[in-house]
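I opened this notebook to keep track of what I looked up, one topic at a time. Come along and read beside me.

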Amino acid sequence: MIPFEQLIPMPVERFKDEFQNKKWFIQKRDDGRFREHFSWKEFDQYMNSYGLNGHQRMPQCQIVGDKKYCHKKAEKKLTKEQIYEHWKNGDSFILTLCEFLNKTMWQQCVEFEKHFGRGQANIYCSSQKDAKCFPTHADTTENFLFHVRGKIRWYIMNEYEWDCPPEDATVQKVVDLDDGDLLYLPSKLYHRVDTLGPRISISFHFHTHGDSKREDWIDWLGDING
Ligand SMILES: [Fe+2]
């Protein structure tokens with residue numbers, strides 16, 4: 001977990017005055033500082049729990065392909081083998097509510113919630129270059145994107161949701177982000193991505209207001225070993 005004050009490249013007050021829901025920014029870092037958040041091994045373990053009872057509750061796997069598949073909402077549930085075919089074919093996977101998967105992501109949410117309302121984390125995983133991703137869209141919440149593994153190309157648009165339909169949005173900036181890079185996006189600003197190889201990104205997204213907070217992570221193990 002990275003304290004919010006150390007995460008952003010400016011004092012918190014300046015972020016709130018000048019950037020919050022006004023301006024995007026990127027901070028390039030090559031120190032792999034987000035790698036503890038999620039590993040390919042954890043992805044493998046999570047996907048192998050598919051079909052177990054816990055998977056029907058949370059976190060939920062969604063697939064971005066020609067159509068979006070949401071395991072929770074789908075009337076016809078895909079089998080694990082079918083899910084794997086989507087992965088091999090280059091669909092991107094979203095693990096929603098992923099902060100329940102480990103302590104690092106949970107505590108990062110707690111940290112954000114000192115400054116924002118209740119939020120959540122989603123992991124975006126793709127297996128290859130040019131994986132299927134969402135077309136140009138805007139999100140309802142502001143968004144801190146941790147680039148955890150791999151390289152991804154971002155297209156940040158000029159327009160917000162209220163300016164035009166997504167297909168008319170024009171590109172303001174194209175930027176490649178790597179391990180350790182952070183992108184902040186205000187809510188409702190249009191964007192899209194291209195994957196440049198396998199990648200893991202985490203979106204921590206929050207409503208600006210609200211005081212509902214999650215409880216702290218508890219160390220149930222203490223000094224229990226083995
Ligand atoms: Fe988005």
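My entries below go from confidence to a sheet and then to a helix.

**Ground rules.** I number residues from 1 along each chain as its sequence is written. This is a predicted model, so I take local features only at pLDDT of at least 70 and side-chain atom pairs only at pLDDT 80 or more, while totals for chains, interfaces and linings use all residues.

**Confidence.** I looked up pLDDT, the predictor's confidence in each residue, from 0 to 100. The chain has a mean of 86, and 92% of its residues reach 70 or more. I found the lowest confidence in strand E3 (residues 68-70), with a mean of 77, and the highest in strand E7 (residues 152-160), at 96. My helices (H or I, at least four residues) and strands (E, at least two) are DSSP runs, numbered from the N terminus.

**A sheet.** I traced an open sheet of three strands, ordered E8-E7-E10 with antiparallel pairing; strands pair if DSSP finds at least two bridges between them. E8 (171-177) and E10 (189-195) are at the edges with a single partner strand each, so one side of each has no neighbour in the sheet. Between E7 and E8 I noted six bridges, and Trp154 stands opposite Val175 in E8.

**A helix.** Which residues of helix H5 are buried? In H5 (residues 103-112) I listed Met105, Gln108, Cys109 and Phe112; buried means that 20 or more other C-beta atoms, placed from the backbone, lie within 10 Å of a residue's own. These four cover an arc of only 100° around the axis, so they are on the same side of H5; the arc is that of the directions from the helix axis to the C-beta atoms.

Notes: A residue is buried if 20 or more other C-beta atoms lie within 10 Å of its own, exposed if 12 or fewer, and partly exposed in between; C-beta atoms are placed from the backbone.
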